[in-house]
Amino acid sequence: MSIITKLRCITVDVTGTLMAYKGELGDYYCMAAKSVGLPCPDYKRVHDGFKIAYSDMAKKYPCFGHAEKMPNIVWWKTCVRDSFVKAGYDFDEETFEKIFKRVYSTFGSSAPYRVFPDSQPFLRWLRSQGVTVGIVSNAEYRYQDVILPALGLNEGSEWDFGVFSGLEGVEKPDPRIYKIALERAGNVAPEEALHIGDSMRKDYAPAKSLGMHALLLDRFNTPDAENWKKSGATVLPDLVAAREWLTSEH
């Protein structure tokens, strides 16, 4: 019997699985700076500054400030300001406000993302097989309301429900985010569900810990993929291969 016949629900991660970032973070910070007549900030410094600022914010105010009821825009404003400061750029309030507006609106649109060509056909195929499809992502509300629809991944045609950390107050790798997904799918038993993602720590391990099936995508030839395979994980190159795996006899 093929695996898909045993499954009632398949949950899917977003970034690295269904879509990827286009270009570099510096590209977008550069465009924002140029829009107010400033020179391009140094790409590497901005990238490194953002990594530190983002992880600081994620530690202090997890799930985009969900517990503190912090507005999404305030969370990001603090993060972007810190990114620039850590990169050595300290703009006056008026200048920063203009730069931030541009950065925030860009990342709330489909502009910085590209959807993989196999994503939409795969999700539609799953739903045509009678499988309930859920999105599970460490992301804020704009993924659900704006970004995924703008990329042609819509609730009701490509997926049935979404579990986004910024809306739930729980984030991967906490297995509770997968529990929420199983409940939302109609109280599906873990052994009747599969999660597909690109991170051993955030996707595969927590889903397996609940008794779900799981597989990892390695779209970019990650050096870690060999270790994933050695630990017994199913690792596939893309969603075309995932469809074949789901329909083959195991």
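Colleague: Is Lys-172 buried or exposed?

Modeller: This is a predicted model, in which local features need pLDDT of at least 70 and side-chain atom pairs count only at pLDDT 80 or more, while totals for chains, interfaces and linings use all residues. Residues are numbered from 1 along each chain as its sequence is written, and side-chain values use heavy atoms, with hydrogens and water left out. Buried means under 20% relative accessible area, exposed over 50% and partly exposed in between (1.4 Å probe, protein chains only). The relative accessibility of Lys-172 is 5%, so Lys-172 counts as buried.

Colleague: Which residue does the side chain of Lys-172 meet in a salt bridge?

Modeller: Side chains of opposite charge can pair when their charged atoms come close. A salt bridge is a side-chain nitrogen of Lys or Arg within 4 Å of a carboxyl oxygen of Asp or Glu. For Lys-172 the N to O distance is 2.8 Å, and the partner is Asp-203.

Colleague: How many residues apart are Lys-172 and Asp-203?

Modeller: Helices (H or I, at least four residues) and strands (E, at least two) are DSSP runs, numbered from the N terminus. Lys-172 is in the loop between helix H8 (165-168) and helix H9 (176-184), and Asp-203 is in helix H10 (residues 200-209). The pair links distant parts of the chain, and the number of residues apart is 31.

Colleague: Which residue is linked with Lys-172 and Asp-203 in a network of salt bridges?

Modeller: Asp-203 has 2% relative accessibility, so Asp-203 counts as buried. The network of salt bridges holds Lys-172, Asp-203 and Asp-13.

Colleague: What is the distance in the salt bridge of Glu-94 and Lys-98?

Modeller: Both residues lie in helix H5 (residues 93-107), 4 residues apart, about one turn of the helix. Glu-94 is exposed at 57% relative accessibility, and Lys-98 is partly exposed at 46%. From N to O, their side chains meet at 3.8 Å.

Colleague: Are H1 and H5 parallel, antiparallel, perpendicular or oblique?

Modeller: Axes are lines fitted to C-alpha atoms, for helices over the stretch in contact, and angles run from 0 to 180 degrees between N-to-C directions. Helix H1 (residues 25-35) packs on H5 at an angle of about 135 degrees, with the axes 8 Å apart. Angles under 35 degrees count as roughly parallel, over 145 as roughly antiparallel, 65 to 115 as roughly perpendicular and the rest as oblique. H1 and H5 are therefore oblique.
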